[in-house]
Amino acid sequence: MTSAVPFSRSHPGHPEHRPGDAERAPRALMSGPGRCWDTEPRWRWVEIRLGGRWRPGRIESWRLHQGSTAWVALVRWGAGFDDWGWYLHHPDTIRQTPQPTDPDGPANW
């Protein structure tokens with residue numbers, strides 16, 4: 001399946017980028033042909049580094065642009081309308097965690 005995916009627009013409420021934070025996916029990887037996959041349960045729960053700190057989150061989808069080896073993840077880190085974005089996957093900035101047990105945490109977003 002080939003599909004175009006909306007590019008993560010700049011959100012005024014997003015944390016300011018700090019050195020070592022997850023990188024937003026470049027437009028070149030978000031437009032044009034590619035495939036998207038729903039996240040497998042074992043990869044759903046993550047921590048993402050944003051604004052200089054680790055935040056609990058969940059990956060909702062993966063994207064792989066045709067001809068690229070760079071994986072892009074749609075990550076949600078809060079219940080708010082703007083608490084999401086497409087980020088390049090790198091283990092130093094997006095890391096797996098066990099399923100959260102907090103009743104108000106990522107499992108309920």
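Q: How far apart are N and O in the salt bridge between the side chains of Arg76 and Glu60?
A: This is a predicted model, where local features need pLDDT of at least 70, side-chain atom pairs count only at pLDDT 80 or more, and totals for chains, interfaces and linings use all residues. Residues are numbered from 1 along each chain as its sequence is written, and side-chain values use heavy atoms, with hydrogens and water left out. A salt bridge here needs a side-chain nitrogen of Lys or Arg within 4 Å of a carboxyl oxygen of Asp or Glu. Arg76 and Glu60 meet that way, with N to O at 3.5 Å.

Q: Which strands hold Arg76 and Glu60?
A: Strands are DSSP runs (E, at least two residues; helices are H or I, at least four), numbered from the N terminus. The Arg76–Glu60 pair ties together parts 16 residues apart in sequence, because Arg76 lies in strand β4 and Glu60 in strand β3.

Q: Which residues do salt bridges with shared partners join into one network?
A: Glu60 meets Arg76 in a salt bridge, and Arg58 also forms one with Glu60, closest N and O atoms 2.8 Å apart. Shared partners make one network of Arg58, Glu60 and Arg76.

Q: Is Arg76 buried or exposed?
A: Buried means under 20% relative accessible area, exposed over 50%, partly exposed in between (1.4 Å probe, protein chains only). Arg76 has a relative accessible area of 17%, so Arg76 is buried.

Q: Is Arg58 buried or exposed?
A: The relative accessibility of Arg58 is 12%, so Arg58 counts as buried.  Glu60, at 28%, is partly exposed. For Arg58 the answer is buried.
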